Amino acid sequence: MRNFTNGAFLLLLLLVAAYSLEARLQSCNPSGKIRGEKPPPGQCNQENDSDCCKQGKLYTTYKCSPPVSGSTKAVLTLNSFEAGGDGGAPSECDNKYHSDDTPVVALSTGWYSAGSRCLNNVIIHANGRSVSAMVVDECDSTMGCDEDHDYQPPCPNNIVDASKAVWKALGVPEGNWGELDITWSDA
């Protein structure tokens, strides 16, 4: 290598190795796009700061999620699984609504794995605490912007959508609820 010092060459090797590892870890590529439609009046519940689809905007869809490990990185979001809440329809796993006081979650499509985690617990780690929560629903990463999805965009592929009980158990002050970097694992 011309004009590289040993330190610069080592740094270059480390950067290449890090990029290679990052590429392997991100083996979940987008599967398509959905064009947003403007929700009919009163048809998109914005409880918990939920987004509504925007007319003409393209939203990325995923059929997969990042690989699951003993400590999978994710983004915790807030959802109400109650009747009339921003979660919309009853939960996929049991066709029931769940109290905001119960630690329950919805997982992005790839992690939901066609329901294979239904009614199983996951352990969520953040803020120096851990909480066990039951998987009751899918945060659909393949579809959105329609009546079935409350005119909300598709979920990103790395979401653990959690009830208020999960946020409380993690000791996150209520004013800071919305999005939080976490790790999770199967219980």
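User: Which residues form a negative surface patch?
Analyst: This is a predicted model. In it, Asp49, Asp51, Glu179 and Asp181 form a negative surface patch.
User: Where is Glu179 found?
Analyst: Glu179 belongs to strand β8, which covers residues 179-186.
User: And is Glu179 buried or exposed?
Analyst: Glu179 is exposed, because its relative accessible area is 61% and the cut-off for exposed is over 50%.
User: Back to the strand. In which sense do β3 and β8 pair, and over how many bridges?
Analyst: Strand β3, residues 72-78, pairs with β8 in the antiparallel sense over 6 bridges. Within β8, Ile182 stands opposite Ala74.
User: How many bridges join β5 to β8?
Analyst: Strand β5, residues 121-126, is joined to β8 by 4 bridges, and the two run antiparallel. His125 has Thr183 in β8 as its bridge partner.
User: New topic: loops. Where does Asn127 lie, and what is its phi?
Analyst: Asn127 lies in the loop between β5 and β6, the latter being 129-139. Its phi is near 60 degrees, a positive value in a residue other than glycine.
User: What about the phi of Asp150?
Analyst: Asp150 is not a glycine either, yet it has a positive phi of about 55 degrees. Asp150 is placed in the loop between β6 and β7, where β7 is 159-162.
User: Is Asp150 buried or exposed?
Analyst: Asp150 is buried, because its relative accessible area is 15% and buried means under 20%.

How values were computed
Residues are numbered from 1 along each chain as its sequence is written. This is a predicted model: local features need pLDDT of at least 70, side-chain atom pairs count only at pLDDT 80 or more; totals for chains, interfaces and linings use all residues. Side-chain values use heavy atoms; hydrogens and water are left out. Patches are made of residues with over 30% relative accessible area and no salt bridge: like charges are joined within 9 Å, nonpolar side chains (Val, Leu, Ile, Met, Phe, Trp, Tyr) within 5 Å. Accessible areas come from the Shrake-Rupley method with a 1.4 Å probe; for residues, only the protein chains shown count as cover. A salt bridge is a side-chain nitrogen of Lys or Arg within 4 Å of a carboxyl oxygen of Asp or Glu. Lys and Arg count as positive and Asp and Glu as negative; His and the chain ends are not counted. The place of a charge is taken as NZ of Lys, CZ of Arg, CG of Asp or CD of Glu. Buried means under 20% relative accessible area, exposed over 50%, partly exposed in between (1.4 Å probe, protein chains only). Two strands pair if DSSP finds at least two bridges between them.
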